[in-house]
Amino acid sequence: MWRNTDKFETEPWTIEVSGLVSKPGKYDLEQVLRKMPLEERICRFRCVERWASVMPWTGFPFAAFLDFVEPQPKAQYVAMTTAYRPNQMPGIPEQSWYPWPYYEALTLQEARNELAFLVTGAFGKPAPKQHGAPIRLITPWKFGFKQVKSIVKFEFMEKKPQTFWSKLQPQEYGFWANINPEVPHPRWSQAQEWLIHTGDVYPTQLYNGYGEWVADMYEPMRQKEGAWLYR
Ligand SMILES: Nc1nc2c(c(=O)[nH]1)N[C@H]1C(S)=C(S)[C@@H](COP(=O)(O)O)O[C@H]1N2
Ligand SMILES: [Mo]
């Protein structure tokens, strides 16, 4: 992956803020970062395809960014669009059947959760391009495909948007994507995962082990609609 990142330009970087928000506009990332409380967090990462890792990220709480741009009361979702630059991204022009750009969303409640993190660095340095420079999302209780890299736009909306994967394969990669060992992917079990650093196999944990912080958000839905919502 890193071999293909040479042409990708991450400086300067503009992020667009639009939709149901009090301070829409185009922001220079450097200027935004000066206002954000940067911190380091070590967290677990779990891909839907069962590999897992542990990463030391640098970043700031998504909630701090929300306080800065001020979503309007009607906003229920925040959608994130990622960079789409075929001339800087080898492989993208050949994969024309995918609905690029890569696109994801969270409920605003999820984005405000204290574990929702916007990442600018890894291993104490600016994030390498392959890990989503210059800004990416980390919600460690959700599968990796929610963790959008190289974000160019945050859009606030009232209705749930269709995401990149929910357009392609809604049965396999749904909106919630909460990690749950008891809800299998249609083509494989999610009961176990392997650590990419060592190959060791571990049992998958509900919410990737972060239930203490996030389970409350989903309890009403779980009671009403059942476990499928975790997919
Ligand atoms: N922009 C963008 N973000 C993305 C993806 C992508 O293809 N494009 N893939 C996702 C998937 S499926 C995973 S598992 C993680 C991988 O993050 P990592 O490269 O930092 O390990 O990125 C996610 N974010
Ligand atoms: Mo993934």
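Trainee: Which residues have the most contacts inside the largest nonpolar core?
Mentor: Phe62, Phe65, Phe154 and Phe156, in a core of 68 residues. Bear in mind that this is a predicted model.

Trainee: And which helix gives the most to this core?
Mentor: Helix H2, residues 62-69, with six residues.

Trainee: What does Phe154 touch, leaving out residues up to four places away in sequence?
Mentor: Its contacts include Phe62 and Phe65. Ile15, Val17, Val78, Met80 and Leu118 are also among them, as are Glu16 and Ser18.

Trainee: Switching to the strands. Is S4 mostly covered or mostly uncovered?
Mentor: Mostly covered. S4 spans residues 51-61, and nine of its 11 residues are buried.

Trainee: Which way do S3 and S4 run, and how many bridges join them?
Mentor: They run antiparallel, with eight bridges between S4 and S3, residues 39-46. Glu39 sits opposite Gly59 of S4.

Trainee: What about the turn in that hairpin?
Mentor: Four residues lie between S3 and S4. Arg50, in the turn, has a positive phi of about 90 degrees.

Trainee: How does S4 pair with S11, parallel or antiparallel?
Mentor: Parallel, over two bridges, with S11 covering residues 192-195. Trp51 has Trp194 in S11 as its bridge partner.

Trainee: And how many bridges join S4 to S7?
Mentor: Five, and those two strands run antiparallel; S7 is residues 117-122. There, Pro61 stands opposite Phe117.

Note on methods:
Residues are numbered from 1 along each chain as its sequence is written. Chains are lettered from A and ligands numbered from 1 in the order in which they are written. This is a predicted model: local features need pLDDT of at least 70, side-chain atom pairs count only at pLDDT 80 or more; totals for chains, interfaces and linings use all residues. Side-chain values use heavy atoms; hydrogens and water are left out. Buried means under 20% relative accessible area, exposed over 50%, partly exposed in between (1.4 Å probe, protein chains only). Two strands pair if DSSP finds at least two bridges between them. A nonpolar core is a set of buried Ala, Val, Leu, Ile, Met, Phe, Trp, Tyr and Cys residues joined through side-chain atoms within 4.5 Å. Contact means heavy atoms within 4.5 Å.
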